[in-house]
Every structure is written in structure tokens, then in C-alpha cells.
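Work through the exercises below with the sequence and the model side by side, and try each task before reading its solution.

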Amino acid sequence: MTLFVIMAAALVLLALLFVLPPLLGSGAPSASETPRQAQASLRVLREQWAQLRADHAGGRIAAADYTLARAELERRALREGRATDAPADTRPARRWAAAIALLLPLITAALYGALGTPAGITAGRAGGDRMVTANADHDAPGQMTDLLAGLIQRLEANPADPAGWTMLANTYLTLEDFAGGAATWRRIGAKAPDDPTVLADWADILATAANGDFTGEPDRLIGRVLARAPDDVKGLALAGTSAFFRHDYPAAIGYWERLLTRVDPDDPVHAQVQASLDEARQQLGPSLDTATPSNGVRAAAPAVR
């Protein structure tokens with residue numbers, strides 16, 4: 001019982017450490033800091049907007065999903081824009097701080113006395129540990145696991161649905177669960193439609209799961225992408241990256257030069273591709289003029305092994 005009281009008091013104190021400093025004026029952001037935070041958020045939103053445009057231009061997301069994502073970004077940008085014009089009130093609220101410091105421990109004790117289970121404190125530790133573990137195991141997967149399972153079942157029943165495959169790949173990319181994506185591909189990848197967007201997304205996942213190694217299945221998928229859609233934006237990007245990692249700099253230059261013609265010069269992605277292209281040329285060195293065709297394009301896609 002004594003240990004429980006000490007732990008409960010420590011938690012209340014920890015909560016007060018988060019609540020009181022802003023009210024006393026020591027932890028609140030300054031009037032100049034709030035606009036800076038909003039401006040940083042706006043920069044992130046601009047990067048997300050550039051990526052969304054690139055995905056839409058490359059056909060990696062449907063028009064309806066693009067519209068919804070764009071509307072959400074616009075709402076967030078409007079909210080952050082207002083924050084830059086309305087700095088937070090940072091004046092200390094010492095009366096509120098004193099009231100909370102006094103009332104929070106009293107309210108916590110009263111609520112536990114009315115709603116808690118003091119007898120549970122003496123319950124067997126093993127039983128309590130099992131309960132905590134069971135609750136954690138139940139809650140941790142959450143809705144995202146249900147979504148993944150539902151998508152996989154849907155694709156097993158209807159494997160020719162490109163939108164479902166794209167959604168599944170994007171879910172794994174969002175969760176950064178590349179190993180799970182690779183396992184799913186091994187399980188039902190043979191049923192995937194021969195769609196460039198689907199194949200490019202999964203090549204990306206498989207290469208990332210292999211720590212950037214495109215050898216094998218990722219290169220085979222990239223080859224299928226470019227065989228069906230020679231100017232596919234993501235296919236060209238992945239092919240160039242694969243060639244660069246193989247130290248085949250002429251091939252990387254060829255793919256990325258073709259990619260540049262498919263990207264809007266005002267798009268931030270254009271600058272990223274140009275930087276990669278410059279690095280490949282630097283790696284190639286003086287042999288650049290003799291190692292690549294005069295038009296700077298390599299016709300061959302990664303070999304399908």
C-alpha cells in the first residue's frame with residue numbers, strides 16, 4: 001500500500017510539472033516562437049503538398065483520394081496561417097496555477113476513493129502482470145491491423161483490384177512496416193495485377209525491406225514496370241536508384257534524365273532528381289562523354305532475372 005501511495009504521488013507531481021510551468025509563464029512559448037512554429041509547420045505542409053502532387057501526377061493515387069488529401073492539407077495550412085497572425089497569450093496565470101496545485105491531488109485522491117479498487121493493490125503481481133500484458137496485446141494492433149487484415153482478405157478474394165493493392169502498399173509505407181509488406185508480397189504477390197503503379201509501389205517496399213538492395217524481386221518488378229510504361233515516374237526513379245547502387249552510373253544517368261522530362265521544373269522533386277543526377281555524373285567522372293549515348297538515355301531497363 002505504501003509503495004502504491006508513493007507511486008501515485010509521484011504521478012500527480014509529474015502531471016503538475018507539465019501543467020504548472022506554462023501557467024506560471026516559464027514554459028509557454030513566446031509571442032515570437034509561436035509564429036516560428038507555425039512557419040515550420042507550413043514548410044512541412046508545402047513538402048507534403050509537393051509529394052502529393054508528384055504522386056497524383058505519377059498516377060500513384062486515385063483522383064478522389066487526391067482531392068481529399070488536398071482538402072485536408074489546405075485546412076491545415078489555413079489553421080497554421082492563422083497561428084502566424086495570432087500569437088499565444090503568454091501572460092502568467094498564477095491564480096490558476098495555485099488552484100490546480102491544491103486541487104489536483106485532492107481530486108485525484110477523492111476519485112480513487114470513490115471509483116478505485118484499493119483491494120486490487122494487494123492482488124498477486126503475476127496476475128496483475130498478465131492482465132496488463134493482455135490489455136497491451138489487445139490494444140496495440142489497433143484499427144490499423146484490422147485494416148491490413150481486411151485489405152489482404154479483400155485482395156485474396158479479388159486479386160485483380162489495382163486500387164486495393166495500391167492502398168495496401170501505401171498502408172505498409174505509412175506504417176514503415178517494410179518487413180510486413182515483404183511477407184505479404186511473398187504470400188499473395190503472385191496474384192498482383194500487372195499494373196505499373198502496383199508493381200512500382202511493391203518494388204519500393206521490397207527494396208526498402210532489403211536495406212536498399214534491389215537485387216532479385218525488386219529489379220524484376222522494376223523491369224516489368226518499365227516494360228509496360230517506359231515513362232512511369234516512380235519506375236524511372238527506382239530504376240535509376242538501383243543502377244546507382246550497382247555503380248552503373250551511365251544507366252542511372254539515363255533513367256534520371258528521362259525522369260527529369262516527366263517532372264514539372266517548379267516541383268521540388270525536380271531539384272531532388274537533379275541533385276541525384278549531378279551526383280551520378282560526379283561519380284562517373286571524365287568518362288561521362290564516352291560512357292553514355294549522345295542523348296543521355298539508356299534504353300535498357302533493369303534486367304528481369
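This is a predicted model: local features need pLDDT of at least 70, side-chain atom pairs count only at pLDDT 80 or more; totals for chains, interfaces and linings use all residues.

Residues are numbered from 1 along each chain as its sequence is written, and side-chain values use heavy atoms, with hydrogens and water left out.

**Exercise 1. The whole chain**

Task: State how many helices and strands are in the chain, and what share of its residues count as buried.

Solution: Begin with secondary structure, where helices (H or I, at least four residues) and strands (E, at least two) are DSSP runs numbered from the N terminus. The chain has 14 helices and zero strands. Next take burial, for which buried means under 20% relative accessible area, exposed over 50% and partly exposed in between, with a 1.4 Å probe and protein chains only. Of the 305 residues, 31% count as buried. Finally, with contact meaning heavy atoms within 4.5 Å, residues 24 or more positions apart account for 65% of the contacts with a separation of 6 or more.

**Exercise 2. Helices H11, H12 and H13**

Task: Describe how H12 packs against H11 and against H13.

Solution: Two packed helices are described by the angle between their axes and the distance between the axes. Here axes are lines fitted to C-alpha atoms, for helices over the stretch in contact, and angles run from 0 to 180 degrees between N-to-C directions. Angles under 35 degrees count as roughly parallel, over 145 as roughly antiparallel, 65 to 115 as roughly perpendicular and the rest as oblique.

Step one concerns H11 (residues 233–245), whose axis comes within 7 Å of that of H12 and crosses it at roughly 160 degrees; the two helices are therefore roughly antiparallel to each other. H11 passes H12 in a left-handed crossing, a crossing being left-handed if the near helix is turned anticlockwise from the far one by less than a right angle, and right-handed if clockwise. Residues that meet across this pair include Leu236 and Phe244 in H11, and Tyr255 and Trp256 in H12. By class, the contact of H11 with H12 has 12 nonpolar, two polar and one charged residues, where Ala, Val, Leu, Ile, Met, Phe, Trp, Tyr, Cys and Pro count as nonpolar, Asp, Glu, Lys and Arg as charged, and the others, Gly among them, as polar.

Step two concerns H12 (residues 249–260) and H13 (residues 268–284), which pack at an angle of about 155 degrees with their axes 9 Å apart. That angle makes H12 roughly antiparallel to H13, and H12 passes H13 in a left-handed crossing. Among the residues that make the contact are Ile253 and Trp256 of H12 and Val273 and Leu277 of H13. The contact of H12 with H13 has 10 nonpolar, four polar and two charged residues.

**Exercise 3. Helices H7 and H8**

Task: Determine the handedness with which H7 passes H8.

Solution: First locate the pair, H7 (residues 162–175) and H8 (residues 178–188), whose axes come within 8 Å and cross at roughly 150 degrees. The two are therefore roughly antiparallel to each other. H7 passes H8 in a right-handed crossing. Trp165, Leu168, Tyr172 and Leu173 in H7 meet residues of H8 that include Phe178 and Trp185, and the contact divides into seven nonpolar, three polar and no charged residues.

**Exercise 4. Single residues**

Task: Decide whether threonine 166 is buried or exposed, and which residues threonine 166 contacts.

Solution: Threonine 166 lies in H7 and is buried, with a relative accessible area of 12%. Leaving aside neighbours within four places in sequence, threonine 166 is in contact with Arg60, Thr197, Val198 and Asp201. Now turn to threonine 197, which is found in H9 (residues 196–209) and counts as buried at 13% relative accessibility.

Task: Say where histidine 247 lies and what value its phi is near.

Solution: Histidine 247 lies in the loop between H11 and H12. Its phi is near 65 degrees, a positive value in a residue other than glycine, and histidine 247 is exposed, with a relative accessible area of 57%.
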